[in-house]
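I opened this entry to look up pockets, cavities and helix packing, and I wrote down each term as I came to need it.

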Amino acid sequence: MAIDYLPVINTHFTLFGGHQETVPAGWQWPAEEHPAFEFMYILKGRQRTITETGELVLQAGELTIIPIETRHANYALDHRAMTYFCMHFNLDDPALRYLLIREYAGRIITPHDAVYPRLKTQAEQLMAMIGPNYSLADQLDLQVGVIDLIMTLVRDLKAAGKFAPQAADIDQFMLCHQLASDLKEQLDYQVYHAAEPQQPSVTRIIAGRNISQSYALKLFQKYYHESPQQYLINLKLATAKELLRQPRARINLVSAKLAYTAPSHFTREFKKHFGQTPRDYLRELKTK
């Protein structure tokens with residue numbers, strides 16, 4: 001007699017906590033990255049989120065998911081207070097991690113998205129659970145609530161025909177993610193620790209992973225839709241904004257830290273990317 005069995009499942013899930021907060025006009029949170037996904041829901045006001053691959057402006061009622069180890073900085077806009085809810089979670093199943101990163105990175109979920117009503121309701125249910133103390137039953141309810149939210153995202157991908165990860169895709173994406181992490185690590189060293197900052201060598205970093213330059217280009221084009229060199233430029237410019245926000249920041253010193261050959265080169269690249277010069281950006285900061 002044939003017997004069917006349930007599968008053995010050994011996926012680990014972690015909730016790193018979350019909170020709801022109202023912050024004043026001009027609030028900012030410096031660039032950081034987490035070993036977890038960050039789910040963010042804006043309840044009042046607007047938020048600008050600058051990541052290593054671009055910028056998002058979230059309106060009240062909108063949601064986004066910042067992927068694992070993605071550097072990002074958040075700012076309140078519009079000269080008014082902002083209220084937001086965020087939480088951090090992780091799961092070690094590589095296929096699920098790959099799909100969540102591939103499909104939700106850089107995406108703002110709005111009321112026009114089919115997944116929005118369910119996701120918003122689940123976020124509000126989690127917010128309602130926030131309290132000073134948590135019993136075992138409360139903790140289990142929270143775990144179930146977050147897993148249910150993840151399943152909403154998964155069902156959205158299945159409905160769109162995007163839930164068919166191949167082992168090769170997952171392996172390639174993880175290699176590409178490792179290369180991106182190597183670039184971030186090298187840039188951080190050059191900016192914050194090197195006595196004489198030098199341009200990180202994309203060629204050397206790729207060679208360190210024992211793959212060809214052409215294969216690395218193929219991976220970045222497939223998963224980040226840009227070359228490794230352009231990824232590094234975007235990362236440098238996101239770092240430039242952070243450096244310019246420091247007290248008494250000077251454009252020529254920021255340019256030097258990022259190993260530009262001249263401040264004029266830095267200014268041209270900054271304006272091309274952000275639509276304003278570093279000097280204009282500093283003036284904008286002073287008016288906030």
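Before sorting any lining by class, I noted that Ala, Val, Leu, Ile, Met, Phe, Trp, Tyr, Cys and Pro count as nonpolar, Asp, Glu, Lys and Arg as charged, and the others, Gly among them, as polar. The model is predicted, so local features need pLDDT of at least 70 and side-chain atom pairs count only at pLDDT 80 or more, while totals for chains, interfaces and linings use all residues. Residues are numbered from 1 along each chain as its sequence is written, and side-chain values use heavy atoms, with hydrogens and water left out.

**Pocket.** Of its 29 lining residues, T53, A105, G106, Y223 and Y224 lie nearest the centre. The lining divides into 12 nonpolar, 10 polar and 7 charged residues, and α4 gives the most, with 5 residues.

**Cavities.** I then searched the whole structure for cavities (sets of points where a 1.4 Å probe fits but cannot get out), and 3 of 30 Å³ or more were found. The largest cavity holds about 80 Å³ of space, and 13 residues line it, with A31, I50, A238, T239 and E242 nearest its centre. Helix α7 supplies the largest share of this lining, 5 residues.

**Helix packing.** Helices (H or I, at least four residues) and strands (E, at least two) are DSSP runs, numbered from the N terminus. Axes are lines fitted to C-alpha atoms, for helices over the stretch in contact, and angles run from 0 to 180 degrees between N-to-C directions.

Which angle do α7 and α9 make where they pack? I found about 100°, with the axes of α7 and α9 (residues 263-274) 11 Å apart, which makes α7 roughly perpendicular to α9 (65 to 115 degrees; under 35 is roughly parallel, over 145 roughly antiparallel, and the rest oblique). In this contact (heavy atoms within 4.5 Å), α7 residues including I233, L237 and L244 meet α9 residues including F266, F270 and F274.

The axes of α4 (residues 167-192) and α7 (residues 228-244) come within 11 Å and cross at roughly 40°, and the two helices are therefore oblique to each other. Their contact has 9 nonpolar, 1 polar and 2 charged residues.

Notes: On a 1 Å grid over the protein atoms alone, a cavity is a set of points where a 1.4 Å probe fits but cannot get out, and a pocket is an open set with protein on both sides within 12 Å along at least five of seven lines; lining residues have an atom within 4 Å of a point. Grid points are joined across faces, edges and corners, and a volume is the space filled by probe spheres set on the points.
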